[in-house]
Amino acid sequence: MGERQSKPGTWIKVAADPAHLRAALPSPWTMADTGYLMTTTFTDDADLPPMPYTTRTTITDVVVATVLDAAGAPVASGRLAPAGAVGVIDQVETAPAHRRRGLGKVVMRLLGHHAVQLGMHTGALVATDDGRKLYSVLGWTVRTPIAAAHVPEPEPALT
């Protein structure tokens, strides 16, 4: 596939050892950071954020859990989308100035709570190295590495 699909900006992600993907792809493919497919059984627990933080949840096609600072500005958030009976979590992030305060844990537990309320009992996500550490503490299990590669886009010409 890598020989036929080599248009700049093309990405491929597979549940495999990154070395296997690297060996299968010709030049000009570039490897990206390895992710980790993780799963869990959701619980109905939800944590309150530490003072002075508050939370806000919006539910449309997806659930968005947000932690707000004292001024009402978003400082941590994540998304949950249904895939049948599985809840897929994505885009979990905490602003750098607000890290190491348990806000990522608050977001994850709030998303899990809503997943259970919506009938999703199994969770799945693809974690970065940093995320894998947080999710492991919260009971998530690594199932497989996710190898990723892309064909770089040309650098824009300077005028």
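Predicted model: local features only at pLDDT ≥ 70, side-chain atom pairs only at ≥ 80, totals over all residues.
Figure 1. From the N terminus on, the order of elements is β-α-β-β-β-β-β-β-α-β-α-β. The C-alpha trace spans about 50 × 45 × 30 Å along its principal axes. The chain has 159 residues, and 35% of them count as buried. Take the contacts between residues at least 6 apart in sequence: 67% of these join residues at least 24 apart.

**Figure 2. Lys 105 and Asp 47 form a salt bridge.** The closest N and O atoms of the pair are 3.9 Å apart. Lys 105 has a relative accessibility of 34% and counts as partly exposed. Asp 47 is partly exposed too, with a relative accessible area of 25%.

**Figure 3. Arg 109 forms a salt bridge with Asp 47.** Here the closest N and O atoms are 3.1 Å apart. This pair also links distant parts of the chain: Arg 109 belongs to helix H2, Asp 47 to the loop between E3 and E4, and 62 residues separate them. The relative accessibility of Arg 109 is 23%. Buried means under 20%, so Arg 109 counts as partly exposed.

**Figure 4. Asp 130 and Lys 133 pair within helix H3.** The two residues form a salt bridge, and their closest N and O atoms are 3.9 Å apart. Both partners lie in helix H3 (residues 129-137). They are 3 residues apart, about one turn of the helix. Asp 130 is exposed, and Lys 133 is exposed as well. Elsewhere, salt bridges with shared partners join Asp 47, Lys 105 and Arg 109 into one network.

**Figure 5. Salt bridges and charges across the chain.** A search of the whole structure finds 4 salt bridges. Among them are the pairs Lys 105 with Asp 47, Arg 109 with Asp 47, and Asp 130 with Lys 133. The chain carries 14 positive and 14 negative charges. Their mean positions are 2 Å apart. The accessible surface comes to about 9,600 Å². Carbon and sulfur atoms account for 54% of that surface.

Methods
Residues numbered from 1 in each chain as written. Heavy atoms only, no water. Salt bridge = Lys/Arg side-chain N within 4 Å of Asp/Glu carboxyl O. Buried < 20%, exposed > 50% of the residue type's maximum accessible area, 1.4 Å probe, protein only. Helix = DSSP H or I, 4+ residues; strand = E, 2+ residues; numbered from the N terminus. Contact = heavy atoms within 4.5 Å. Areas by Shrake-Rupley, 256 points an atom, 1.4 Å probe, with all protein chains shown as cover. Lys, Arg positive; Asp, Glu negative; His and termini not counted. Charge placed at Lys NZ, Arg CZ, Asp CG, Glu CD.
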